[in-house]
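Visitor: Hi! I'm new to reading protein structures. Could you walk me through one?

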Amino acid sequence: MSEPIVILTEEPLGADDRLNIERLVDGADSRLLVLVPANTERHLLVDFLEHLSLLEIAAAFRELTSRAPDPAEERAHATETLSASLAALEGLGAGVDGEVVDGGAVNGLVARVRDTGATQAVVITRPHAVSDTFHTDWANKAQDQLGIPVLHLYAGSGFIGDS
């Protein structure tokens, strides 16, 4: 059996994501472990700039004035994301398992890669103009800590992030 592939996602995986992971697995019997952070740890100012850079003016100001998310709601959303992602990847490799991780997305990914002995990790996010531009995205942070390649994919597309 091949080493597991650890996948960190902030978005529910769909058909395009399945195709990308299927290509990565390439018929091997790798076990897939999907991680979804309980809290994406986004920052108000960064989110505001993200929306502005994508010309999402209304969303930028709506988020700026919104209240802090409820941890129970965030965990429920993460559980839904995990469930949809596991369903999307069902039947690939030697099986698919997953969990909602606490304590930071990158920390959870790094810990699970080390625990499982994985030699491959994948981060699937939506585009984040600021963190992607300045290489402070989850994939770059994880790669810096792990010393193994971390593939950065944008959810729902075939686009590869710049890791």
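Guide: Happy to; we'll go from the overall layout to the sheet, then to a few helices and loops.

Visitor: Is this from an experiment or a prediction?

Guide: This is a predicted model.

Visitor: Okay. How many helices and strands does the chain have?

Guide: The chain has seven helices and five strands. Starting at the N terminus, the elements run β-α-β-α-α-α-β-α-β-α-α-β.

Visitor: In what order do the strands sit in the sheet?

Guide: The five strands form an open sheet with the order 3-2-1-4-5, and their pairing is parallel. The edge strands are strand 3 (96-101) and strand 5 (150-154), each of which pairs on one side only. From one strand to the next, the twist averages 20°.

Visitor: What holds paired strands together, in general?

Guide: Strands of a sheet pair through backbone hydrogen bonds, in either a parallel or an antiparallel way.

Visitor: And here, what does strand 1 pair with?

Guide: Strand 1 (residues 5-9) pairs with strand 4 (residues 120-125) in the parallel sense, over five bridges. There, Ile7 stands opposite Val122 of strand 4. Strand 1 also pairs in parallel with strand 2, over four bridges. For that pair, the bridge partner of Ile5 is Leu32 in strand 2.

Visitor: How about strand 4 and strand 5, how many bridges?

Guide: Strand 4 and strand 5 pair in the parallel sense over five bridges. Val123 has His152 of strand 5 as its bridge partner.

Visitor: Is strand 2 mostly covered or mostly open?

Guide: Strand 2 is mostly covered, with six of its six residues buried. Leu32, Val34 and Val36 point one way, while Leu33, Leu35 and Pro37 point the other way.

Visitor: Let's switch to helices. Where does helix 7 lie?

Guide: Helix 7 (residues 138-146) lies across strand 1, strand 2 (32-37), strand 4 and strand 5, and runs at about 175° to strand 5. The buried residues of helix 7 are Trp138, Ala139, Asn140, Ala142 and Leu146. Those buried residues pack against strand 1, strand 2, helix 5, strand 4 and strand 5.

Visitor: Which residues make the contact?

Guide: Helix 5 contributes Ala105, Val106, Asn107, Leu109, Val110, Val113 and Arg114, and helix 7 contributes Trp138, Lys141, Ala142, Gln145 and Leu146. By class, the contact of helix 5 with helix 7 has eight nonpolar, two polar and two charged residues.

Visitor: Is Pro149 buried or exposed?

Guide: Pro149 counts as exposed, at 61% relative accessibility. Apart from neighbours within four places in sequence, Pro149 is in contact with Thr119, Ala121 and Gln143. Pro149 and Ala121 are 28 residues apart in sequence, but 6.9 Å apart in space from C-alpha to C-alpha.

Visitor: Last one: what is the phi of Asp26?

Guide: The phi of Asp26 is near 50°, a positive value in a residue other than glycine. Most residues other than glycine have a negative phi. Asp26 is found in the loop between helix 1 (15-25) and strand 2. With a relative accessible area of 63%, Asp26 is exposed.

Visitor: Great, thanks for the tour!

Technical notes:
Residues numbered from 1 in each chain as written. Predicted model: local features only at pLDDT ≥ 70, side-chain atom pairs only at ≥ 80, totals over all residues. Heavy atoms only, no water. Pairing = 2+ DSSP bridges. Helix = DSSP H or I, 4+ residues; strand = E, 2+ residues; numbered from the N terminus. Axes fitted to C-alpha atoms, helices over the stretch in contact; angles between N-to-C directions. Contact = heavy atoms within 4.5 Å. Nonpolar A, V, L, I, M, F, W, Y, C, P; charged D, E, K, R; others polar. Buried < 20%, exposed > 50% of the residue type's maximum accessible area, 1.4 Å probe, protein only.
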